[in-house]
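Trainee: I would like to go through a structure with you and learn how to read its features. Please give the general idea before each case.

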Amino acid sequence: MSQKDTNDYSNTLQLPRTGFSMRANLLKMEPIHQERWDRMGLFERTLKLQASRGKYVFHDGPPYANGPIHMGHLLNKILKDLVVRSRLMSGFAVHYVPGWDCHGLPIEHKVLKELGEKGKGLGTLEIRKRCHDYAARFVSLQSEQLKRLGTLGDYESPYLTMDSAYEAAVLEVFGQLVGEQLVYRDVKPVHWSIANQTALAEAELEYYDRTDTSIYVLFAIEKPELLPSSMKLPDGEGANLMIWTTTPWTLPANLAVAVAPGADYSLFRHLNEGETQYTVVAEDMAGRVFSLLEGTQPERVGRCSGRELVESGIAYRHPFVPKRGVVVSADYVTMDDGTGLVHTAPGHGAEDYFTGIHENLPIYCPVQADGTFDDTVPDWLEGVDVWTANKIIVDRLKESGHL
């Protein structure tokens, strides 16, 4: 016998025999399995099983009908299918109804992107119809793709948020809430898409790193003599509050400056453009802030707590809008960045909004749906978009000596 023959032990192994192919051949076999399951009515048969343990209800959070499925859908749906099948095998009756979210910005955005310039000439009803057709197309596609994953569900009768019956049920519940006086109209800041001129849900946001202009701005205190005596401001001298922001375009909506009640704030004498000034900055941030001023060595004059600053009742003059702002306390003021004094615009941002509610300030937002300023701002900003306004505001502050 050859060496090869002496090493051939295949005929000596006692292994079980199977009709399964050694190759999976999934591309070929999956459609065959799907067809057999459809022919035998596999899902319908599970509904007729004797359920010894009662019903198990599985509510499926629906995917958007705005494109083919991806790896996220695969993971999501297979994990859910494991739950459905395990409960079926445990003796529960599980009527799993898949669904699709057919509304919202993702679908509208895709449709308008496909239409391009032509979309600008279409009316609301025509765009809505195209969104409906677009969603229906991808409901059908995703349904087939999800079945190819082997998931088990009532794909013949899914729930779609664009179905008339579904929309009617939502309106009925909303009507009940109105009837019980649980619905009211008010003003608050929301995430907004200037391009699509619509509000955005938190889940529709995408964040990325970017470089912005950050500025330090002086707000002149209206009656500096009201500062706590421990600040030791010389008689007859003016004083400023210094804030820091990376969004100069929000300054027109400024109504307050927030401080940390438990932090220490100091009054510093320093030079700015050759002029002696007195400025309030958080003690912990002073070194970093004044290192930006070339050729000046700041001198600490006095000190008080943030709580004392608030209780003194001081107010300040807005640097370029004819109005005054107040000093308030807020627990979100930190000493990580900036000056320890936070520019607060209740119409821009959640924290500012809740501070405005607490302090009974107007929820003022001068920015319109298209991203331009309305007529409540100075005339040199009216009609200007917020991104262009950044440089204009910085230049204005520089000219007035508030930067």
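Trainee: How many Å³ of space lie in the second largest pocket?

Mentor: Rolling a probe the size of a water molecule over the atoms shows where empty space is left. A pocket is an open set of points on a 1 Å grid over the protein atoms alone, where a 1.4 Å probe fits, with protein on both sides within 12 Å along at least five of seven lines. The volume is the space filled by probe spheres set on the points. Here the second largest pocket holds about 480 Å³. This is a predicted model, in which local features need pLDDT of at least 70 and side-chain atom pairs count only at pLDDT 80 or more, while totals for chains, interfaces and linings use all residues. Residues are numbered from 1 along each chain as its sequence is written, and side-chain values use heavy atoms, with hydrogens and water left out.

Trainee: Which residues of the lining lie nearest the centre of the second largest pocket?

Mentor: Lining residues have an atom within 4 Å of a point. There are 26 of them, and Tyr-216, Asn-272, Glu-273, Leu-293 and Leu-403 lie nearest the centre. Elements giving two or more residues include β5 (215–221), β8 (264–272) and α11 (386–400); helices (H or I, at least four residues) and strands (E, at least two) are DSSP runs. The most comes from β5, with 4 residues.

Trainee: Which residues make the nonpolar surface patch?

Mentor: Patches are made of residues with over 30% relative accessible area and no salt bridge, nonpolar side chains (Val, Leu, Ile, Met, Phe, Trp, Tyr) being joined within 5 Å. In this model Met-71, Leu-74, Leu-75, Ile-78, Leu-79 and Leu-82 make one of about 580 Å². Leu-82 sits in helix α4 (residues 71–89).

Trainee: Why does Leu-82 count as exposed?

Mentor: Buried means under 20% relative accessible area, exposed over 50%, and partly exposed in between (1.4 Å probe, protein chains only). Leu-82 counts as exposed because its relative accessibility is 54%.

Trainee: How many salt bridges does a search of the whole structure find?

Mentor: A salt bridge is a side-chain nitrogen of Lys or Arg within 4 Å of a carboxyl oxygen of Asp or Glu. The search finds 16. One of them joins Lys-129 and Asp-133 at 3.0 Å, N to O. These two are 4 residues apart in helix α6 (residues 124–148), so about one helical turn separates them.

Trainee: What parts does the pair Glu-222 and Arg-324 tie together?

Mentor: Their closest N and O atoms are 2.9 Å apart. Glu-222 lies in the loop between β5 and β6 (240–245) and Arg-324 in strand β12 (residues 324–329), so the pair ties together parts 102 residues apart in sequence.

Methods. Patch = residues over 30% accessible without salt bridge, like charges linked within 9 Å, V, L, I, M, F, W, Y side chains within 5 Å. Areas by Shrake-Rupley, 256 points an atom, 1.4 Å probe, with all protein chains shown as cover.
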